[in-house]
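Hello! Here is the structure I promised to pass on to you. Have a look at it first, and then read my notes below.

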Amino acid sequence: MNLDGRRESTNVDDRRGMGRGAKAGVGLGGTIVIALIVMLLGGDPSSVLEGVSSIQGTEQTEGHVGFSAEEQELASFTKKVLAGTEDVWTAIFAKYGYEYDPPKMVLYSGSTTSGCGAANSSVGPFYCSADQSVYIDLSFFTSMKRQIGADGDLAYAYVIAHEVGHHVQYLLGTLGQAHQKMNRVSKTEANAISVRLELQADY
């Protein structure tokens, strides 16, 4: 993807280098996203579903650290992708008479705090509706590349857009309705609802 000349979103809270060490990993949403990326690249998604829980990134240490040119380029790319989602969803919402309120993106390394409680990179990228923010430890992308070969701008942009998709679900009330229903049904039914939420966020 060539994003040269594209604007970077300013709706970003960069906390990299300020957290304690943790390993990059994935939750349910991350697993589904990675499996779909592998499938789109012509790979076997079943192998991802079996082994993706082992994805781990480099451990980060507490305190501010310097970032390589590659890391800074990835941060810039991430901000440009977020800006793209802001432009697209603003236009789509306006088309239907709504106003789009974009999420904040929090870049962190190791661990941080969120409106949903303590956050660490072991859960992978996630959306927190309590503070309407997308949380991403950029080492997750490095882990995707090293562990399963899901590399490249498209794969990274896909992950970001997926988490923004959860924000859209929140704004439209879908996320809250689904969570309410999940609290009233069995664990099996709740898992099925969760998977549908993830697939809709992909869409």
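**An exposed tyrosine and its patch**

Tyr96 counts as exposed, at 58% relative accessibility (buried means under 20% relative accessible area, exposed over 50%, and partly exposed in between, with a 1.4 Å probe and protein chains only). This is a predicted model, where local features need pLDDT of at least 70 and side-chain atom pairs count only at pLDDT 80 or more, while totals for chains, interfaces and linings use all residues. Residues are numbered from 1 along each chain as its sequence is written, and side-chain values use heavy atoms, leaving out hydrogens and water.

You will find Tyr96 in the loop between helix 3 (69-95) and strand 2 (104-108). Helices (H or I, at least four residues) and strands (E, at least two) are DSSP runs, numbered from the N terminus.

**Salt bridges**

Side chains of opposite charge can pair when their charged atoms come close. Here a salt bridge is a side-chain nitrogen of Lys or Arg within 4 Å of a carboxyl oxygen of Asp or Glu. How many salt bridges does this rule give? The count comes to four.

One of them joins Arg7 and Glu86, at 2.9 Å from N to O. Arg7 lies in the segment before strand 1 (12-15) and Glu86 in helix 3, so this pair ties together parts that are 79 residues apart in sequence. Arg7 is partly exposed, at 39%, whereas Glu86 is buried, at 8%.

Arg7 also forms a salt bridge with Asp87, with the closest N and O atoms 3.0 Å apart. Asp87 is partly exposed, with a relative accessible area of 45%. Through shared partners, salt bridges join Arg7, Glu86 and Asp87 into one network.
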